[in-house]
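Please keep the structure open while you read.

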Amino acid sequence: MAYQQAIFKDQEFKTRILLSLQSSLPNEIDWAFNTLIKFSYASENFSLDFIPTLIDLLLNFTVDFFQQQIEANQATTDVFCSKAQQESYERVLQVFHILRNFSFLEMNIRRLATHERLLFLLMKGIALPPNSQYGELSRHCLDILENIAPQVSLGSREDPYLTTMIHLLFTNDRAYILGAIRALTRVAVTETNERVLGYADADVIQRMAQFLMIDDEELAAATLEYLYQYSSLRGNFSAQLIRGYPGNLVGLLTGFLSYKSSLAPPSTSAIGTLHGIPAAQMIKVPESTASQKPTIPDLTNYQYLDEPYRCLGWLKDQLLNGSEADKITLKDIFTEYQKLFGTEKPLGLKEFYTVLKIAFPQPPSVEESFNGPEPVNTVLCNVKLSPTRRRDGPICHWNDCNQSFDSPVDLHKHIIQTHLEGQTQCHWMKCTRALDGKQHAIQHMRTHFASKAKKQLPTKQTFTVAKIPIDDSEVSGIPLTSALLLRNLARNKQHHTYYLPYESELTLLAIQRPKVSKYILTVLGELQAN
């Protein structure tokens with residue numbers, strides 16, 4: 001369907017709208033409302049500042065309705081009404097429909113949010129029971145309140161906006177609950193509201209816990225976004241959330257990291273759940289997994305993989321499982337890793353150690369040493385350097401010199417400074433060519449570095465880890481918000497004990513879901529800092 005071209009916003013348009021809204025002629029008023037409904041829907045850049053009095057002029061059409069209908073308490077008792085009453089209600093719906101459309105434009109949010117008369121009427125409209133004949137009006141009011149939330153300034157915990165939204169959380173109408181959660185989430189974006197919202201309401205936390213246990217993806221996602229936003233505020237919200245949550249919040253969030261779309265059929269029994277999540281929404285492990293090859297990606301060409309697979313592949317290439325007598329200092333192996341990938345966003349020490357434990361599990365004594373004052377000096381046990389490990393740079397093939405270098409430039413400098421000074425014969429590999437001075441020697445050495453087909457290296461065995469189902473899909477919604485909330489909660493050291501039962505599961509998920517691994521590794525890094 002093709003929409004009509006948006007009306008041009010010139011002075012003539014403004015004057016015509018204002019005169020029509022103030023006219024006593026029904027046809028003129030109808031034209032103004034019909035025009036504004038179409039225009040507010042189609043326009044993407046109209047600012048209410050162009051017609052500053054428009055909001056008040058529209059609200060004037062709601063006076064009789066709110067005085068006669070609402071204040072007379074007819075909202076819940078009259079199922080039938082007169083034609084005049086119906087026309088009055090339809091006009092009020094048009095007013096809030098127009099304002100709702102304009103509230104979706106960011107440029108209008110501040111003007112709407114600071115209009116006291118409008119806010120007063122919105123609160124009246126939202127107070128109507130959702131199952132009354134005025135339910136559509138209530139939903140328009142809720143949409144406007146949700147859209148203007150980022151510009152609402154709360155004066156105190158008793159602010160009408162805040163108390164109204166909290167009240168809606170405890171209704172039984174899903175649309176009201178979702179709208180209220182989103183409005184409360186958006187109002188927390190404003191920095192000036194942190195002093196009011198920085199601590200948790202015990203009743204609200206209890207209610208949010210109920211929403212997380214419902215098999216409703218949209219409701220759970222909105223609830224997690226609320227908890228994430230509030231846990232990011234300055235204050236004690238995170239600590240109060242952990243203490244006041246009626247259940248195992250960390251376990252629930254860990255399970256949510258494997259959440260799948262609700263397009264999958266919901267579970268019909270409580271048995272088929274993990275951390276309260278229906279099994280149908282979890283990552284599926286194929287029944288024939290035992291006969292399949294490992295689904296960890298091929299780590300042989302690890303340098304082309306994203307973290308943490310690049311780090312995992314490099315460790316599997318450099319190290320081998322050893323005996324009790326085999327030990328390596330973490331500093332030595334971490335320095336080599338940083339040296340090789342230092343310009344390509346390598347993992348930090350804590351994340352590096354976490355990945356190392358996946359490939360080469362360490363005893364409790366090593367864990368205790370890593371959590372000490374100097375983790376970089378931790379001595380790793382039961383691990384040794386692989387004799388077939390790849391060299392990280394070019395090697396000098398001059399007789400009796402096998403020194404390796406970080407780059408060809410470093411190798412060339414080494415040859416000139418160490419081997420060519422005063423040399424009369426080439427000793428590169430099996431070459432015995434006579435050299436006549438340093439310049440001739442340099443010119444000759446270039447023949448050894450001329451472009452040529454690279455020697456085909458023998459195929460190495462593919463590195464493998466345990467057979468783990470990998471979900472390489474993009475992460476958004478519930479898994480992403482859960483990871484961010486886990487990260488926020490882990491920043492408080494007092495919460496780390498709640499994570500201990502799930503540390504191994506989180507480590508596994510860092511490999512299982514590559515797109516969320518950086519957030520999980522951050523959580524594990526916070527735990528290691530304890």
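## A look inside the model

C426 counts as buried, at 0% relative accessibility. Here, buried means under 20% relative accessible area, exposed means over 50%, and partly exposed lies in between (1.4 Å probe, protein chains only). This is a predicted model, in which local features need pLDDT of at least 70, side-chain atom pairs count only at pLDDT 80 or more, and totals for chains, interfaces and linings use all residues. Residues are numbered from 1 along each chain as its sequence is written, and side-chain values use heavy atoms, with hydrogens and water left out.

C426 is found in the loop between α20 (408–419) and α21 (438–448). Helices (H or I, at least four residues) and strands (E, at least two) are DSSP runs, numbered from the N terminus. Leaving aside residues up to four places away in sequence, C426 touches W398, C431, T432, R433, L435, H444, M445 and H448; contact means heavy atoms within 4.5 Å. For M445, 19 residues from C426 along the chain, the C-alpha separation is 8.3 Å.

### The overall picture

The protein has 25 helices and 6 strands. Of its 530 residues, 46% are buried. Among contacts between residues at least 6 apart in sequence, 68% join residues at least 24 apart.

### Other single residues

V152 is another loop residue to look up, between α8 (135–147) and α9 (160–169). V152 is buried, with a relative accessible area of 6%. Its contacts, not counting residues up to four places away in sequence, are A113, Y161, V187, T190 and N193. V152 and T190 lie 38 residues apart in sequence, and their C-alpha atoms are 7.8 Å apart in space.

N382 sits in the loop between β5 (379–381) and β6 (383–385). N382 is not a glycine, yet it has a positive phi of about 60°. With a relative accessible area of 27%, N382 is partly exposed.

E503 belongs to helix α24 (residues 503–512). It is buried, with a relative accessible area of 18%.

The expected span of a helix is 1.5 Å times one less than its number of residues. The table sets this value beside the end-to-end C-alpha distance in the model.

| Helix | Residues in helix | C-alpha end to end | Expected span |
|---|---|---|---|
| α13 (residues 217–231) | 15 residues | 21 Å | 21 Å |
| α17 (residues 330–341) | 12 residues | 16 Å | 16 Å |

In α2, the buried residues are I29, A32, F33, T35, L36, F39 and S40. Seen down the axis of α2, they fall within an arc of 165°, so they line one face of the helix; the arc is that of the directions from the helix axis to the C-beta atoms. These buried residues pack against α1 (11–21), α3 (54–59) and α5 (83–103). The face of α2 turned away from the buried side carries the exposed residues P26, N27, K38 and Y41.

Helix α17 buries L330, I333, F334, Y337 and F341. Down the axis of α17, these residues fall within an arc of 95°, so they too line one face of the helix. Their cover includes α16 (309–318), β3 (319–321), β4 (327–329), α18 (349–359), α19 (364–370) and β5.

In α13, 11 of the 15 residues are buried, so this helix is largely enclosed by the rest of the structure. Among the buried residues are L219, L224, Y226, L227, Q229 and Y230. What covers the buried residues of α13 includes α10 (174–187), α11 (194–197), α12 (202–212), α14 (237–244), α15 and α22.

### Where α15 meets α22

How do the last two of those helices pack against each other? Helix α15 (residues 249–256) and helix α22 (residues 477–490) pack at an angle of about 145°, with their axes 8 Å apart. Axes are lines fitted to C-alpha atoms, for helices over the stretch in contact, and angles run from 0 to 180 degrees between N-to-C directions. L249, V250, L253, T254 and F256 in α15 meet I478, P479, S482, L485, L486 and L489 in α22. The residues of this contact divide into 9 nonpolar, 2 polar and no charged. Ala, Val, Leu, Ile, Met, Phe, Trp, Tyr, Cys and Pro count as nonpolar, Asp, Glu, Lys and Arg as charged, and the others, Gly among them, as polar.
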